[in-house]
Amino acid sequence: MKLNNKYQIVAIDERCIAIQEKYYSEKNDTYLWKNVMYFGTVQEALKGLIKKEINGTGLKDLKTVNKKIEELREDIDLYVK
């Protein structure tokens, strides 16, 4: 399930959900997906992605963190509805 242009969620098996991140492979001259986090449920995966992205802001200020949360919510809403 694609979440945005950077992340997607995939079921590895019936007990493992992975968050995949898109990256550019110079070797293949194309964009590929790599597993970056593993979880037991989709809900845990979404929470983990939010935590990863918030931490990626460097927690500079509340406005930056809030903007990142809103961006993620919008991306999730686009694909969940």
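This briefing describes the strands of the structure, how they pair, and the contacts of several aromatic side chains. The model is predicted, and its open sheet holds three strands in the order E1-E2-E3, with antiparallel pairing. E1 and E3 stand at the edges with a single partner strand each, so one side of each is left without a neighbour in the sheet. From one strand to the next, the twist averages 40°.

**Strand E2 and its pairing with E1**

- Strand E2 covers residues 16-25 and is mostly covered, with seven of its ten residues buried.
- Strand E1, which spans residues 7-13, pairs with E2 in the antiparallel sense, and six bridges link the two.
- E1 and E2 form a hairpin in which two residues lie between the strands, and Asp13 has Cys16 of E2 as its bridge partner.

**Pairing of E2 with E3**

- Strand E3, made up of residues 30-39, also runs antiparallel to E2, and this pairing extends over nine bridges.
- Two of the residue pairings can be named here: Gln20 has Asn35 of E3 as its bridge partner, while the bridge partner of Glu21 in E3 is Lys34.
- The hairpin formed by E2 and E3 has four residues between the strands, and Asp29 in this turn has a positive phi of about 55°.

**Aromatic pair**

- A pair of aromatic rings is described by the distance of the centres and the angle of the planes.
- The count of aromatic pairs comes to one, and this pair is formed by Tyr24 and Tyr31, whose rings are 5.2 Å apart centre to centre with 65° between the planes.
- The pair is classed as edge-to-face because its angle of 65° lies over the cut-off of 60 degrees for that class.
- Tyr24 is partly exposed, with a relative accessible area of 39%, because that value falls between the limits of 20% for buried and 50% for exposed.
- Tyr31, by contrast, has a relative accessible area of 54% and is therefore exposed, as the cut-off for that class is over 50%.

**Lysine charges over tyrosine rings**

Terms used: Residues numbered from 1 in each chain as written. Predicted model: local features only at pLDDT ≥ 70, side-chain atom pairs only at ≥ 80, totals over all residues. Heavy atoms only, no water. Buried < 20%, exposed > 50% of the residue type's maximum accessible area, 1.4 Å probe, protein only. Pairing = 2+ DSSP bridges. Phe/Tyr/Trp six-rings, centres within 6.5 Å; stacked < 30°, edge-to-face > 60°. Axes fitted to C-alpha atoms, helices over the stretch in contact; angles between N-to-C directions.
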